[in-house]
Amino acid sequence: MPVQPGPWPAHPLPSPAGPPRSSPVPVIAAVFLGLWIVGLTVVTQLGGWLTDQFLLLMGVDRLVWLWPVTTVAVVALAGIPTLPLALLPRSRVVRAVGRLWLVGLLVFGALSLLRALPPVQHEAYLVTLAGTAGLAALLIHRLVAHRIAPRGPGGESDRRRTSPLAPVTLLGLTGGLALLLPWVWVGALGGLLETLLAALAAAAVGGLAAVLLSDGFWSRRSADTPPRPGQLVLVDGLVAGVVLLLLGAGVGQSGAQLPLLLTLPPTGFALAALATTARRTATGVGPAVAGLVGLSVFGPLAWADPEEVSLVLATSRDVPFWVAVAAAAGFTVVVLLAIGYGVTLVRRPGARPSRAVAGAAAATLLVATGAVAVGPGQPGLHGERLFVVLREQADLSGVPAATGRAGRDRRAAEVYQRLVETAERTQADLRRELRRFRLDHTPYYLVNAIEVDGGPLVRAWLADRPEVDRVLVSQRARPLPAPAPVAQGDTAPQPGAEWNIRLIRADRVWSELGITGTGVTVGSSDSGVDGTHPGLAAGFRGGVDSWFDPWNVTSAPRDRGGHGTHTLGSAVGRDGVGVAPGATWTGCVNLDRNLGNPALYLDCLQFMLAPFPIGGDPFRDGRPHRAPEILTNSWACPALEGCDSGALQPAVAALAAAGILVVVAAGNTGPRCRSIEDSPAFHPDVLTVGAVDRQRQVADFSSRGPGPGGGAKPDLVAPGAEVRSALPGGGYGTLSGTSMATPQVAGVAALMWSANPALIGDLPRTRQILTETATAVRVSGDRCGDAAHVAGAGLVDAYAAVRAARG
């Protein structure tokens, strides 16, 4: 008895006399249309992500309309040629393919529009994704599958057995677990709520796939005139692969969908093989589709933060690398699944999979996945935290503006005392409540704030409390399966001073004035410092309060990134690379992986104001008299990391009140005007530094002003293009950026204060000397209304500044 046609009609049966030959044109058109849909989808998804990343690197606000416009364009450009294929061909099979792809395009459009939600609100996105996928599955089932469900010979509904213990279902789950395993191995989960919502969304997407690729789609010819099974698997797998590509392209925020474009389409062939077995055993294939697709989607949704699938982290072996590894492993797995299922289930017509064997395979993969999750993987939950800023900030008015070393120390002690007292008093009730609810938290005083574990519900509760001003999302980088390789210097020290040192005339300060920075300490907050580097080891101040590493809790200076070693080398390094080679230094790790958050930046800034011993309490063990005089900061805290415009403003204001000079990089988002927009570069209390090249021309990458509100920024420029300095491992190398320019200005200030200790803590006079002695530079392109918004006062001149400081 032939199987009746389902929602996706079967080929018409041949007559004994031989069927009339149908035109091959619709089939050829379907092939080209499938290629068009695949190419258009892949190009637009990759292009949209790259656009997002380009805007991020340029410091431009996210384009909310980007993904909706891209989505509408794809649906229109692919849907218009698909519509005739769904209506016109005489072949019911070709029309069915056209209708399936058309529905797939509409599903893709509905899911992709959700990317208009801010990426930082990932829980809200996952809830909306689950709801949208579930609603789409219900509508498709009601409008398509329910109306034209397969019918048996007596007209009764041809319902297939869909037992969760059916061999086909168990094999689908086995394949899904095999695809999930690479993500469990190399990825890391977010928070508890985020993980549960990812599971819900993945289940909804799996159910949607089961409705799209229901039993009716896989139904083919009657049992007495069967087509060749291998041919069916190939053709059905290709048709289903296009649908799964569209489904994967719509799942996940920008970046999370990219691995699905590689791993989800090939599952169509594995599902086609399972469908052949399901028809043979009269069981439904829907649960197998839901399990295989749902688990495939669950991997990137739960084990990868879409905000970390970013070019910001692509310069080292960070999250983008491991996402690529998981995607490549998943692709390999699904190809092996398709081949394995095809050989064992399709090429043996009488083969009926054993429930015991299928169950054992599923159980083995489940145990292996759990073992990897708690063993070689990254166990635990690593969700974002909340940065709670309180309304009352410390009143630092009236702090004596004493200068000189002793005066600066008194100021720092007074500021530290006021900050701690304010935080202890105003945070007491909130901290008591957080302990009562067993919410892990870390208090801060430099900004009166608390970092708290919690999701949207905790955020809503905190925002409603009277002492709370606002609640920000404090981004938390998920752990990696293996540390990224440390950047190494590949050249030996060169004789004489480097070109940048000569350009700002620091070498003449050493040779003619005999000043090298002795007696001044520069504090570095960065990726760390290689404390064993020959050019830096002798300058380490030493003691138990000169190094702090909140990322890795190391007890001695080390640097896994290289950026911090390079920047500090430009400030105080020996071998002709540092401006103030006689100065000492202290260090703190605030950006181990090029992605930080407000709390991590405060960890280091608090340590700089009042250093404390390793393992000490910043509130009680701080030693403000040990604070470095000058801070070099080649970092910024953009909105991506959880900062708003005022998140760090109280911190830099407090450091200035303590008489500590804070030197900050302008950023590398030029030549766009008004690109100095990330904290703390635009704050008036810091000295903001842009970059020039060897020809004294402002580098294109150097961020421009004016700052938010029209403030004059940058303050100065210094050499920042192809600057040679120290790198971990004892060697040297060149890097470019305002990061390289900033420590040179900090080094010049160290020379000034070494030449005249009475200037220590006198920030207005120091700033005046630096700007008045600066020299002119070349400015090309847009001057942003005023050349000062591009170059500030000009190129820092160490020789002139030190002579002016000496009087």
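Helix H21 passes helix H22 in a right-handed crossing, meaning that the near helix is turned clockwise from the far one by less than a right angle. Helices here are DSSP runs of H or I with at least four residues, and strands are E runs of at least two, numbered from the N terminus. This is a predicted model, where local features need pLDDT of at least 70, side-chain atom pairs count only at pLDDT 80 or more, and totals for chains, interfaces and linings use all residues. Residues are numbered from 1 along each chain as its sequence is written, and side-chain values use heavy atoms, with hydrogens and water left out.

H21 covers residues 738-755 and H22 covers 763-772. They pack at about 115°, with axes 11 Å apart. Axes are lines fitted to C-alpha atoms, for helices over the stretch in contact, and angles run from 0 to 180 degrees between N-to-C directions. Val748, Met752 and Trp753 of H21 meet Leu763, Thr766, Ile769 and Leu770 of H22 (contact: heavy atoms within 4.5 Å). The contact residues divide into six nonpolar, one polar and no charged. Nonpolar covers Ala, Val, Leu, Ile, Met, Phe, Trp, Tyr, Cys and Pro; charged covers Asp, Glu, Lys and Arg; the others, Gly among them, are polar.

Now the strands. An open sheet of seven strands runs S8-S9-S7-S10-S11-S12-S13, with parallel pairing. Two strands pair if DSSP finds at least two bridges between them. Strands S8 (547-548) and S13 (716-719) are the edges, each pairing on one side only. Helix H18 (563-572) lies across S7 (521-526) and S9 (584-589), at about 160° to S7.

| Strands | Sense | Bridges |
|---|---|---|
| S10 (630-633) and S11 (661-665) | parallel | four |
| S14 (723-726) and S15 (732-735) | antiparallel | four |

Ile630 stands opposite Leu661 in S11. Ser725 has Gly733 of S15 as its bridge partner. The hairpin of S14 and S15 has five residues between the strands, and Gly729 takes a positive phi near 95°.

Last, the cavities. The structure holds five of 30 Å³ or more. A cavity is a set of points on a 1 Å grid over the protein atoms alone where a 1.4 Å probe fits but cannot get out; lining residues have an atom within 4 Å of a point. Volume is the space filled by probe spheres set on the points, which are joined across faces, edges and corners. The largest cavity holds about 120 Å³. Its lining has 16 residues, with Val186, Gly187, Ala188, Trp303 and Val319 nearest the centre. Helices H5 (167-186) and H12 (319-346) are the elements that each give two or more residues to that lining. H12 gives the largest share, four residues.

Methods. On a 1 Å grid over the protein atoms alone, a cavity is a set of points where a 1.4 Å probe fits but cannot get out, and a pocket is an open set with protein on both sides within 12 Å along at least five of seven lines; lining residues have an atom within 4 Å of a point.
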